[in-house]
Amino acid sequence: MKKYLAPSALLVLSLAFLLASVPTKYVGAQGRPDDPGHQSAVRADGRVVAPDGVVFESQKAFIDAGRRCSTRHADDLEIEEIENDVRSNRGAAGRGPGSGGAGSEGARLYSNGFITIPVYFHVVYRSDNTGNVSDAWLDNQINAMNEHFTGVDGPVYRTAAANTSFRFAKAGVTRTHNDSWYAAGPGSAAETEMKNALRTGTADDLNFYTNSGGGYLGWATFPNEYAARPTMDGVVCYWASLPGSNYVPYNEGDTGTHEVGHWVGLYHTFQGGCSSTNDGVSDTPAERGPTFGCPSGNLDTCKGKKSPGLDPYENFMDYTDDPCMYKFSSGQADRSDTIWATYRAGK
């Protein structure tokens, strides 16, 4: 039997080499099974594994590290400039300032579902095929956003969701194998290269990139940034945040909805903390900071402050788990309408 041992070992090694050299497109649509996106983000011991594999001791630690969303916070000067632009735009169109609590929140300019936004998906994946999500997953993301912006996501456990002006339709898909772009993070040279090469359309076209998220669940640009940097416009999301992955509890497409919320002009509900203006929307009460997980009761972290009311942790612009956020408010629908008219419509 020993005389057959060496040839047998050689045969096994040869087969292993051949299997290893099979093109990765035949291995599986999302690459290696040990990638974080193939497992629950929140593990049984409460630890959270970020998209780049970094392990955090808790969801609070994950949130505090800024991994939920890397979209920047606008400063007071920028917010003032936006309000001035909005007032000028409303005046030029013969519209009053509206009855909302801020200059960019007022009477709705468009009816429910009036605006259909073309979505250009750019799937960027790694050499082992990680991130090469299927068209079915992209369709799932479109369906999720349409549910969320229509106000029919469930379950509704607090107050009713607003039906907004926005709907979404898949307009195109590109697929790119590029390890550098797959790892691109916010503000990186790789992000600039990726977007310069792939972005298409104008200000009212949504370019939706999926990659590693650069270690974050996602980030987005704001509408007022488009004029100065049009090629950078769009949203970027971790591929496993799309509906279809096992990355619980961030796998129902709410990350995409959250980032698109920024893209149409909405801030985090905790923008400005307990200030009187916070996110510029009158019906999202101030909250001291982001909420995470799935709270089981009412929270009021700004009790007694200038913007009273319970923390709006069920809102898509907070940081709670996907199953626990289900709504945009009427004020957010109004604000995003006006921001759209000012910075994106026909631009």
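View 1. Contact here means heavy atoms within 4.5 Å, and angles run from 0 to 180 degrees between N-to-C directions, with axes fitted to C-alpha atoms, for helices over the stretch in contact. Helices (H or I, at least four residues) and strands (E, at least two) are DSSP runs, numbered from the N terminus. This is a predicted model, in which local features need pLDDT of at least 70 and side-chain atom pairs count only at pLDDT 80 or more, while totals for chains, interfaces and linings use all residues. Residues are numbered from 1 along each chain as its sequence is written, and side-chain values use heavy atoms, leaving out hydrogens and water.

View 2. Two strands pair if DSSP finds at least two bridges between them.

**View 3. Strand β3 (residues 115–125) runs parallel to β4 (residues 166–177), joined by 11 bridges.** Look for H122, whose bridge partner in β4 is T174. Five bridges also join β3 to the parallel strand β5 (residues 206–211), where Y120 has N207 as its bridge partner.

**View 4. Helices α4 (residues 135–150) and α7 (residues 254–263) pack at about 60°, with axes 9 Å apart.** That angle makes α4 oblique to α7 (under 35 degrees is roughly parallel, over 145 roughly antiparallel, 65 to 115 roughly perpendicular, the rest oblique). Among the residues that meet are M145 and F149 in α4 and V260 in α7.
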